[in-house]
Structure formats: C-alpha cells, structure tokens
Amino acid sequence: QVQLVESGGGLVQAGGSLRLSCAASGRTSSVLGWFRQAPGKEREFVAAITWSGGSTYYADSVKGRFTISRDNAKNTLYLQMRSLKPEDTAVYYCAAKDGWVSRSRNEYPYWGQGTQVTVSS
C-alpha cells in the first residue's frame with residue numbers, strides 16, 4: 001500500500017508562485033504524478049516523474065511554468081508552480097503507480113486527499 005498526503009495549497013494572485021508537496025509512505029512507487037480537478041470538470045493530468053527523476057512529463061497547459069521533482073530520500077514529491085493563472089485554480093492531487101508513466105488517471109491506484117489551489121485575477 002501507498003499513502004499520499006499533499007500540502008502547500010493556498011490562495012495566490014495571478015502571476016504568483018506556489019510549491020506543492022506530497023509526502024509518500026508505504027512501499028515505493030516507480031511513478032508519481034500530479035493531477036488537478038476544477039469545479040465541474042474532470043480530473044486531468046498535470047505532470048509525472050519516474051523513480052530516478054530522470055524523466056518528467058507535463059501537460060501542455062503547464063509546460064514551462066510548472067516543474068515536478070522528487071526527493072527519494074525524503075519520500076516526497078514536489079510541484080513548483082510559477083506564473084500561475086486563474087485557470088490553474090483546482091484541487092491538486094498526488095498519485096502513484098508502478099510500471100510505466102501514464103497520463104490517464106484511471107491507471108493510478110493510489111491517491112492523496114488533494115490540496116486546493118486558488119489563483120485570483
């Protein structure tokens with residue numbers, strides 16, 4: 001089993017920055033990812049990273065503004081978000097899976113409880 005706990009969400013003005021953290025416990029997963037869900041919308045892929053951290057993947061909407069990273073010694077996943085826009089407002093979820101990287105939420109069996117990010121215009 002894998003337990004995931006997100007933190008770092010909050011209210012920020014457009015153009016600002018936030019860093020989300022996800023503390024993982026239990027067994028190690030090869031792939032960690034971030035997803036987000038805005039009100040009335042489906043949960044969507046944001047970014048993912050492999051165990052070694054050598055491979056990262058981003059949604060086109062956040063590429064160049066968000067950076068995903070992981071500290072395996074601390075069992076923690078991060079999402080550095082810069083140049084935030086009102087459309088980035090959502091609940092952000094940390095997720096974990098084994099095997100290959102996927103952008104599909106259906107392939108991630110482990111999820112955190114989510115952290116709210118609100119970007120004001």
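Select Ser 29 to begin, which lies in the loop between β3 and β4 (strands are DSSP runs of E, at least two residues long, and helices runs of H or I, at least four, all numbered from the N terminus). This is a predicted model, in which local features need pLDDT of at least 70 and side-chain atom pairs count only at pLDDT 80 or more, while totals for chains, interfaces and linings use all residues. Residues are numbered from 1 along each chain as its sequence is written, and side-chain values use heavy atoms, with hydrogens and water left out.

Although it sits in a loop, Ser 29 counts as buried because its relative accessibility is 4% (buried means under 20% relative accessible area, exposed over 50%, and partly exposed in between, with a 1.4 Å probe and protein chains only). Show its surroundings next: with neighbours within four places in sequence set aside, Ser 29 is in contact with Val 2, Trp 51, Arg 70, Ala 96, Lys 97 and Asp 98, where contact means heavy atoms within 4.5 Å.

**The whole chain**

Now zoom out and colour by secondary structure: the protein has 11 strands and zero helices. The C-alpha trace spans about 40 × 30 × 25 Å along its principal axes. The radius of gyration is 13 Å, which agrees with the value near 14 Å that a compact globule of 121 residues would have (it is taken over C-alpha atoms, and the globule rule is 2.2 Å times the number of residues to the power 0.38). Of the 121 residues, 44% are buried, and among contacts between residues at least 6 apart in sequence, 58% join residues at least 24 apart.

**The nonpolar core**

Which residues touch the most other members of the largest nonpolar core? Select Trp 34, Leu 79, Met 81 and Tyr 92, which do so within a core of 34 residues; such a core is a set of buried Ala, Val, Leu, Ile, Met, Phe, Trp, Tyr and Cys residues joined through side-chain atoms within 4.5 Å. Strands that each supply at least two residues of this core include β1 (2-7), β4 (31-37), β5 (44-50) and β11 (115-120). In soluble globular proteins, nonpolar side chains tend to be buried together.

Centre on Tyr 92 and display its contacts beyond four places in sequence, among them Leu 20, Trp 34, Phe 35, Val 46, Phe 66, Leu 79, Met 81 and Val 117.

Move to Phe 45 in strand β5, which is buried, with a relative accessible area of 10%. Beyond its neighbours within four places in sequence, Phe 45 is in contact with Trp 34, Phe 35, Tyr 57, Tyr 58, Ala 59, Ser 102 and Arg 103. If you draw a C-alpha to C-alpha distance from Phe 45 to Thr 118, 73 residues apart in sequence, it comes to 18 Å.

Then select Ser 21 in strand β3 (residues 18-26), which is buried because its relative accessible area is 16%. Not counting residues up to four places away in sequence, Ser 21 touches Val 5, Glu 6, Ser 7, Trp 34, Thr 76, Leu 77 and Tyr 78.

**Two loops with positive phi**

Finish with Asn 75, in the loop between β7 (66-71) and β8 (76-81), which has a positive phi of about 50° although it is not a glycine. Asn 75 counts as partly exposed because its relative accessibility is 36%. Ser 83, in the loop between β8 and β9 (90-97), also has a positive phi of about 50° without being a glycine, and at 42% relative accessibility Ser 83 counts as partly exposed.
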